[in-house]
Amino acid sequence: MRVKNDKRSQQQQYRINEQIRVREVRIVGDDGSMVVPTKQAIDMAHEQGVDLVEISPNAQPPVCRLIDYSKFLYQQKKRAKEMKAKQAKVEVKEIRFGPQTGENDYNFKLKHAKEFLEEGNKVRAFVFFRGRSILFKEQGEVLLLRFANDLEEYGKVEQLPQLEGKKMAIFIAPKKAGVAKKSQQKMDRERREAEAKESAKSQKASSETSEAEDTMPANGGLFANAKISEEALKKLQGED
């Protein structure tokens, strides 16, 4: 239905129909474009039962489309939603260390940090000092700098280690744009499917090998692959 030129339409985001008060406009469509007087363009919209919608007011002349305004707004909203869905959501993942973190614990957390950065998330790693452990703040700083160095391939340092109360933190940002993060359930399901396919492939190959061995003659040598009867084979062996 064509949108009427009333007080409500005047508050809308795009100018339509009689709200467009330039001398001429460029109408674009599937068949190309053409420049016509604005009044003629409005008459064309009326004849087709649609609206003249100004989509690029700063162009010379302004660019318009002949389309139902409600449909046009729906298309714009849908396009904006799709673009938003494609954008990776950047989160800040925290990793906590103690001032005397062991090597195994360090490597475990380093692995997680790599995964976070590969997914496009930022990493805030910090060392938490309890009580008198604040005396080891230099040791905590060395630990965080080592951590950043080990992640050099995956991220870049946004903020060097800084002491904030009882915490010393460092910020690391991903080097590459992230991709949409998969849920743990989805990753587990994909892993199980891949393992099932690999297992089925192995079973099929094993079955084919077993069938080939069953059909092969018991004796080997020159007659192993010969398709001759057992009696003929005995005769030939007897003659030898």
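Just after helix H2, Gly-49 adopts a positive phi of about 70°. The model is predicted, with local features needing pLDDT of at least 70 and side-chain atom pairs counting only at pLDDT 80 or more, while totals for chains, interfaces and linings use all residues. Residues are numbered from 1 along each chain as its sequence is written, and side-chain values use heavy atoms, leaving out hydrogens and water.

Helix H2 itself spans residues 38-48; helices (H or I, at least four residues) and strands (E, at least two) are DSSP runs numbered from the N terminus. Its buried residues are Thr-38, Ala-41, Ile-42, Met-44 and Ala-45, where buried means under 20% relative accessible area, exposed over 50% and partly exposed in between (1.4 Å probe, protein chains only). Viewed down the axis of H2, these buried residues fall within an arc of 155°, so they line one face of the helix; the arc is that of the directions from the helix axis to the C-beta atoms. They pack against strands S1 (24-29), S2 (32-37), S3 (51-56) and S4 (63-67), with contact meaning heavy atoms within 4.5 Å. The face of H2 turned away from this buried side carries exposed Lys-39 and Glu-47.

Further along, Leu-143 lies in helix H5 (residues 137-150) and counts as buried at 11% relative accessibility. Leaving aside residues up to four places away in sequence, Leu-143 touches Phe-97, Gly-98, Thr-101, Tyr-106 and Val-127. The C-alpha atoms of Leu-143 and Pro-99 are separated by 7.8 Å, although these residues are 44 apart along the chain.
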